[in-house]
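Here is a short report on one protein model and its ligand. It goes from the whole chain down to single sites.

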Amino acid sequence: MLSTTSLFLLMMAMSAVMLLVLSSQAHSGARGIREWSVANAMAMAAMPLFAARDHISALLSIELANALMIGTSVMMYAGFRRHLGCGVQWRALGGFAAATMATVVALHVGIDSTPLRVAVVSLLHGGLCMAMCRSVWTALPAAPRRYPYLFTMGAAFGIGIGLFVRGAAYGARVAGWLPSVDVPTLDLVFFACGTLSIPTLTLGAVMMANAEIIARANHAADHDHLTGAPSRRAFFAAAERERAHAARTQAPMSLLLFDVDHFKRINDTHGHAAGDRVLVEIVARTGALLRSRDLGGRLGGEEFAVLLPATAADTALHTAERLRAALQCVAHDPSVERGADDAAAAIGYTVSIGVATLAPGETVADLLSRADTALYAAKAAGRNRVMAAAAARHDGARRRA
Ligand SMILES: Nc1nc2c(ncn2[C@@H]2O[C@H](COP(=O)(O)OP(=O)(O)OP(=O)(O)O)[C@@H](O)[C@H]2O)c(=O)[nH]1
């Protein structure tokens, strides 16, 4: 059987490992990493003090060690609150930590009862675990992935219950409701639970941070940084899903491909920032015109696409015409103050649109290629217009399920 000293040193080693894991995420931008790191550093420092109890002064092994452990729980909790964006009530937490410390000192210097001290400290640590569990539970509906949240909640709840049982058991001994005999096995079980608590909670924290990092990376890959519209990658993935659905259900599907006319002139005349402003405005206007099922995306530069599921050619042409009219606009040059010189600040812009409707067996790439040819024709015919694509060339070899 492991001795309590070994368990304390094991916990120190586990906190050191967790600290290394957390430091690998230091620059990830995930919130809470700093607080969780401080918590593990405090746990690391507290463990040798508990382990060396018989060899060092009580001030170090009781007061300082408990202060560090209280700090550990408080910082773990603060880390979860910060990570979840709930805000940390530092003043309330500081008051809680100070009151707990004052109780520890009173139960050492005043009454000098180890079981009572263990009971009080266990109940307070248990309370913080339950608070962690509650914070994570409240944020669960918005979780990027549920498993890390459920793991952390389960761990915080289980550890909290364990600490409550420990506190109640020690309290009952003090009250004389339980025989005041030493139960080394039970104590070791309690210690083992305590040993695992901070590393387990940290594991949950790291999993939550990873889920957030992955969700952020996916969002960045799937959205255009400037306009917030779906990126080329996301657009093609969605288009492929819709194509497969259309093929299964025999429903029509259309694609609009559009490009801002003479966009280079806008950049050259008003500057790149004004060009950016136009692109942002185009995405907002397009979004306002589409149905919830339709999907717009920025394919690159000043080129955009709109996927129209369950839409036949004539409706698609009609939608394209409405879109063209909605995008025949005058934007305001952001570098010119409003009212200063309205004519110079006006950025007129138009778009040209190519429209293609999915033919049986056609791939997304082929559909896009036909829409691109139609767009090119719209440009060649004078811009600010809609052109329908030629019918798809029948090609049995390209047929897809
Ligand atoms: N402001 C801004 N400009 C961009 C962005 N991406 C591409 N561009 C510019 O868009 C312009 C596209 O120019 P062209 O391909 O010649 O096309 P155009 O001037 O719109 O002419 P047509 O398409 O033939 O009507 C280039 O000057 C690019 O630098 C962007 O994110 N922001």
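## Overall build

Of the 401 residues in this protein, 38% count as buried. The model is predicted. Its secondary structure comprises 13 helices and 7 strands. The radius of gyration is 32 Å, whereas the globule rule gives 21 Å for 401 residues, so the protein is more spread out than a compact globule.

The C-alpha atoms fill a box of roughly 95 × 60 × 30 Å along the principal axes. Contacts were also sorted by sequence separation. Among those with a separation of 6 or more, 70% join residues 24 or more positions apart.

## Annotated transmembrane regions

An unreviewed UniProt entry lists residues 6-24, 36-52, 58-80, 92-111, 117-137, 149-169 and 189-209 under "transmembrane region".

Two of these stretches can be set against the model. Residues 6-24 are 95% helix and 0% strand, with end C-alpha atoms 27 Å apart. For residues 92-111, the chain is likewise 95% helix and 0% strand. The end C-alpha atoms of 92-111 are 27 Å apart.

## A loop position: A52

A52 sits in the loop between helix 2 (33-51) and helix 3 (58-83). Why does A52 count as partly exposed? The reason is its neighbour count: A52 has 15 C-beta neighbours inside 10 Å. A residue needs 20 or more to be buried, and 12 or fewer to be exposed.

## The ligand shell

The ligand is surrounded by 16 residues. The closest are D261, F263, K264, G275 and G301. Strand 1 (253-260), helix 9 (263-270) and helix 10 (272-289) are the elements that each give two or more residues to this shell.

Which element gives the most to the shell around the ligand? Helix 10 does, with 4 residues. By residue class, the shell divides into 7 charged, 5 polar and 4 nonpolar residues.

Notes:
Residues are numbered from 1 along each chain as its sequence is written. This is a predicted model: local features need pLDDT of at least 70, side-chain atom pairs count only at pLDDT 80 or more; totals for chains, interfaces and linings use all residues. A residue is near a molecule or strand if its C-beta atom, placed from the backbone, lies within 6 Å of it. Ala, Val, Leu, Ile, Met, Phe, Trp, Tyr, Cys and Pro count as nonpolar, Asp, Glu, Lys and Arg as charged, and the others, Gly among them, as polar. The radius of gyration is taken over C-alpha atoms; the globule rule is 2.2 Å times the number of residues to the power 0.38. Two residues are in contact if their C-beta atoms, placed from the backbone, lie within 7 Å. UniProt positions are given in the numbering used here, feature names are shortened, and annotations may be inferred rather than shown by experiment.
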